[in-house]
Amino acid sequence: MADVKILALVGSLRAASINRQLAELAAETAPDGVTVTVVEGLGDLPFYNEDIDNENVPASVVALREAAADADAALVVTPEYNGSIPGVLKNAIDWLSRPFGNGALKGKPAAVIGGSFGQYGGVWAHDETRKSFGFAGPRIVEDLKLSVRFKSLDGKHPRENAEVAETLRSIVGKLAAEVG
């Protein structure tokens with residue numbers, strides 16, 4: 001079996017966000033034969049606008065779509081903002097959903113995980129992201145879930161929490177196994 005390439009989309013733009021740390025940990029601890037690449041530049045995407053989604057689509061969109069097309073699967077790592085999906089992530093999903101019915105991630109397995117300060121670790125945002133991303137074309141692997149309550153990390157990096165690190169490694173391995 002060839003190496004599996006997983007694209008990681010992070011719903012937080014902060015360089016030191018815990019969700020970015022989770023995505024980076026996924027890359028660090030990925031099983032042999034699996035490469036997780038964290039996408040940079042989601043904040044550079046213009047708001048989705050069908051008027052500019054043509055032969056002159058912005059370079060940032062081209063780069064995102066090419067990275068998605070090159071990937072075998074997607075891992076979305078997101079916080080919860082006001083009970084829902086961060087705008088930057090929703091915008092990336094909108095760009096990846098086009099052309100309608102034939103987006104770059106069409107049919108590829110995808111998982112949604114992450115964490116938040118709330119008592120449920122971002123479950124609402126994760127559920128909404130699964131719904132929105134599912135319409136965009138990927139095949140959502142519903143049983144791959146991780147919702148980290150930031151308080152449970154006691155201010156430490158997620159890699160210092162053995163349960164979180166092992167669960168994340170397992171999710172990445174199971175997502176890679178979904179690649180057909």
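**Close-up 1. Trp95 is buried, at 0% relative accessibility.** Buried means under 20% relative accessible area, exposed over 50%, and partly exposed in between (1.4 Å probe, protein chains only). Tyr48 is partly exposed, at 21%. The model is predicted: local features need pLDDT of at least 70, side-chain atom pairs count only at pLDDT 80 or more, and totals for chains, interfaces and linings use all residues. Residues are numbered from 1 along each chain as its sequence is written, and side-chain values use heavy atoms, without hydrogens and water.

**Close-up 2. The structure holds two aromatic pairs.** Rings of Phe, Tyr and Trp (its six-membered ring) pair if their centres lie within 6.5 Å; planes under 30 degrees apart are stacked, over 60 edge-to-face, and the rest tilted. Tyr48 and Trp95 have ring centres 4.6 Å apart and planes at 70°, so this pair is edge-to-face. Tyr48 sits in the loop between β2 and α2, and Trp95 in helix α3, so the pair ties together parts 47 residues apart in sequence. Helices (H or I, at least four residues) and strands (E, at least two) are DSSP runs, numbered from the N terminus.

**Close-up 3. Phe117 and Phe150 form an edge-to-face aromatic pair.** Their centres are 4.8 Å apart, with 85° between the planes. Phe117 lies in the loop between β4 and α4 (123–136), and Phe150 in the loop between β6 (147–149) and α5, so the pair ties together parts 33 residues apart in sequence. Phe117 is exposed, at 72% relative accessibility. Phe150 is buried, at 8%.

**Close-up 4. Helix α2 (residues 59–70) packs against helix α3 (residues 87–96).** The angle is about 75°, and the axes are 10 Å apart. That makes α2 roughly perpendicular to α3, a label for angles of 65 to 115 degrees; under 35 is roughly parallel, over 145 roughly antiparallel, and the rest oblique. Axes are lines fitted to C-alpha atoms, for helices over the stretch in contact, and angles run from 0 to 180 degrees between N-to-C directions. From α2, the contact uses Val61, Leu64, Arg65 and Ala68; from α3, Ala92, Trp95 and Leu96. Contact means heavy atoms within 4.5 Å.

**Close-up 5. The largest nonpolar core has 31 residues.** A nonpolar core is a set of buried Ala, Val, Leu, Ile, Met, Phe, Trp, Tyr and Cys residues joined through side-chain atoms within 4.5 Å. Ile6, Val34, Val36, Leu75, Val172 and Leu175 touch the most other members. Helix α5 gives the largest share, seven residues. A second, separate core of 26 residues includes Leu42, Val88, Trp95 and Leu105.
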